[in-house]
Amino acid sequence: MNESRAGAWTAAAVLVAVVGVCYGMTLWAPLIFDDISFVRDNPLYHLPFREFLSRISSARYFYVVQPVSWQPLVALTHYPFAGGLAQLRLLGLVFHAANAFGVWALARRLGADGRGALAAGLLFALFPASTEAVNFVSFKGHVLMTFFILLCLNAHGRGRPLLAHAAFALALLSKETAAAAAPILLAWELLVERRDPPEAARRLW
């Protein structure tokens, strides 16, 4: 195993352990607020799958899903686990740990050394403002969107445009505010890659 791969495995293990220790206790916490009304008691998630799929792909999406936000991928994620929200909370922890690792990978790509990149990943994992997004099942749009945006940025940085475009599309299906990834990618081309604006725009497409 080469040094860079060993560093990645070490960072992943540390970040998973930190997320598990800090958030693992929430798996058995009682349900409150939006998790009850928008997920557990939402009749949408108790429909036959074919009917559920037709409703979330209809023009009446916001009426049938209830939250006023475009998150069809989140609805698909909720559907299998609506009766067992501990599993959805666990899935949220897994994605949060993956996001922390994505921050580590992005920091390394931007030139940080191993310690600096790990510090960035830990800061992301432990940032208090992330608590609601990680703990509330109904807020998983933030976690999924972040995962796919980080995947998009890292794939773009590695010169893998197809993966970057697919990740961007999935981010948009997780939450509409993922559109912010477009100016971030443009800034990457202009400031990191030092390309002129016309070439930077062409590179994004």
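Where does the largest share of the lining of the second largest cavity come from? I looked this up in a predicted model, where local features need pLDDT of at least 70 and side-chain atom pairs count only at pLDDT 80 or more, while totals for chains, interfaces and linings use all residues. Residues are numbered from 1 along each chain as its sequence is written, and side-chain values use heavy atoms, with hydrogens and water left out.

**Entry 1: the second largest cavity**

I find that α6 gives the largest share of this lining, namely four residues. Helices here are DSSP runs (H or I, at least four residues), numbered from the N terminus. The lining consists of Thr77, Leu88, Leu91, Gly92, Phe95, Lys140, Val143 and Leu144, and both α6 and α9 supply at least two residues to it. I note a volume of about 50 Å³ for this cavity, and a count of two cavities of 30 Å³ or more. On a 1 Å grid over the protein atoms alone, a cavity is a set of points where a 1.4 Å probe fits but cannot get out; a pocket is an open set with protein on both sides within 12 Å along at least five of seven lines, and lining residues have an atom within 4 Å of a point. A volume is the space filled by probe spheres set on the points. By class, the lining of the second largest cavity has five nonpolar residues, two polar and one charged (Ala, Val, Leu, Ile, Met, Phe, Trp, Tyr, Cys and Pro count as nonpolar, Asp, Glu, Lys and Arg as charged, the others, Gly among them, as polar).

**Entry 2: α6 beside α9**

I next looked at the two helices, α6 (85-109) and α9 (residues 140-157), whose axes come within 9 Å and cross at roughly 30°. That angle makes α6 roughly parallel to α9; angles under 35 degrees count as roughly parallel, over 145 as roughly antiparallel, 65 to 115 as roughly perpendicular and the rest as oblique. Axes are lines fitted to C-alpha atoms, and angles run from 0 to 180 degrees between N-to-C directions. On the α6 side the contact (heavy atoms within 4.5 Å) includes Phe95, His96, Asn99 and Arg109, which meet residues of α9, among them Lys140, Phe147, Leu150 and Asn154. I count this contact by class as eleven nonpolar, seven polar and two charged residues.

**Entry 3: the largest pocket**

The largest pocket has a volume of about 410 Å³. I see 18 residues lining the largest pocket, with Phe101, Gly102, Ala105, Asn154 and Arg158 nearest its centre. At least two lining residues come from each of α1 (3-23), α6 and α9, and α6 supplies the largest share, seven residues. Twelve residues of this lining are nonpolar, three are polar and three are charged.

**Entry 4: two further partners**

Turning to α10 (residues 161-174), I find that its axis and that of α9 come within 8 Å and cross at roughly 165°, which makes α9 roughly antiparallel to α10. Met145, Phe148 and Cys152 are among the α9 residues that meet α10, whose side includes Leu163, Phe168 and Ser174.
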